[in-house]
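Morning, everyone. One structure today, and I'll keep it quick.

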Amino acid sequence: MITELLTGLGLVAVFEGLVLALAPLRFEDILTALSRMDVQTRRLIGLFSIAAGVAIVWIARFVIT
């Protein structure tokens, strides 16, 4: 259990690092766009991201294996 959790956190760090390393100016544009959105829209984006992440983990754990 802890191994999977640490693996997941490590992969998140890798992907976030790739965005910052490969496209730092684009990242600034994304942050600017997010700051212009209202709180409800940002909340919906966050909830959609959570749902997508849960779906990906579920597919990886129970459908593919």
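Ground rules first. This is a predicted model: local features need pLDDT of at least 70, side-chain atom pairs count only at pLDDT 80 or more, and totals for chains, interfaces and linings use all residues. Residues are numbered from 1 along each chain as its sequence is written, and side-chain values use heavy atoms, with hydrogens and water left out.

The fold: three helices, zero strands. Helices here are DSSP runs of H or I, at least four residues; strands are E, at least two. The order from the N terminus is α-α-α.

Now the dimensions. Along the principal axes, the C-alpha atoms fill a box of roughly 40 × 30 × 20 Å. The radius of gyration is 15 Å, while a compact globule of 65 residues would have one near 11 Å. That radius is taken over C-alpha atoms, and the globule rule is 2.2 Å times the number of residues to the power 0.38.

How much of the protein is buried? Buried residues make up 0% of the 65. The cut-offs on relative accessible area: buried is under 20%, exposed over 50%, partly exposed in between, with a 1.4 Å probe and protein chains only.

Two residues to look at. Leu22 is in helix H1, residues 2-22. Leu22 counts as exposed because its relative accessibility is 68%. Glu28 sits in helix H2, residues 24-36. At 48%, Glu28 counts as partly exposed. From Glu28 to Ala60, 32 residues along the chain, the C-alpha separation is 32 Å.
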